[in-house]
Amino acid sequence: MLIDLCAARQNHFPDGLFCDPAWDMLLDLTYARLTGKRVSVSSLCIASRVPATTALRRIGDLVAEGLAMRVRDENDGRRVFVDLTDDGYARMLAYIEYVRGTFASHPRSSRKA
């Protein structure tokens, strides 16, 4: 749901206005973990929608913060995957539950903007 909401922003607002590659990466990695898929470094760079150098720095930031880890592909030594750490995954789930609870407890306002 959060991935869809973030993607929908692009349909309503100018490109680059909500550029947050680390967040896009965390969402992508969370979805991958929930669906049992692996995400390569190159795929994660593409998903972040920023230049590769910026994406690689953000991956480094996520790793340095203990939210993600790089894992070498056992079958192909040239490929590296990025996975959420258990702590990173727990934080993302906690955030998703917080957002879900916030939306559930705040009915839409009938006021006009």
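**Surface and basis of the model**

The chain exposes about 8,100 Å², and 56% of that area is supplied by carbon and sulfur atoms; accessible areas come from the Shrake-Rupley method with a 1.4 Å probe, and for residues only the protein chains shown count as cover. Of the 113 residues of the chain, 31% count as buried (under 20% relative accessible area, with exposed over 50% and partly exposed in between; 1.4 Å probe, protein chains only).

This is a predicted model, in which local features need pLDDT of at least 70 and side-chain atom pairs count only at pLDDT 80 or more, while totals for chains, interfaces and linings use all residues. Residues are numbered from 1 along each chain as its sequence is written, and side-chain values use heavy atoms, with hydrogens and water left out.

**Fold**

The chain has five helices and three strands, in the order α-α-β-α-α-β-β-α along the sequence. These elements are DSSP runs numbered from the N terminus (helices: H or I, at least four residues; strands: E, at least two).

Among contacts (heavy atoms within 4.5 Å) with a separation of 6 or more, 50% come from residues 24 or more positions apart.

**Aromatic rings**

One aromatic pair is found in the whole structure. W23 and Y95 form this pair, which is edge-to-face, at 5.3 Å centre to centre and 85° between the planes. The pair links distant parts of the chain, 72 residues apart: W23 is in helix α2 (residues 21-35) and Y95 in helix α5 (residues 86-105). Rings of Phe, Tyr and Trp (its six-membered ring) pair if their centres lie within 6.5 Å; planes under 30 degrees apart count as stacked, over 60 as edge-to-face and the rest as tilted. Y95 is partly exposed, with a relative accessible area of 37%.

**Charges over rings**

The charged end of R33 sits over the ring of Y89, 4.1 Å from the ring centre. R38 lies over the face of F81, at 4.2 Å from the ring centre. The criterion is NZ of Lys or CZ of Arg within 6 Å of the ring centre and within 35 degrees of the ring normal.
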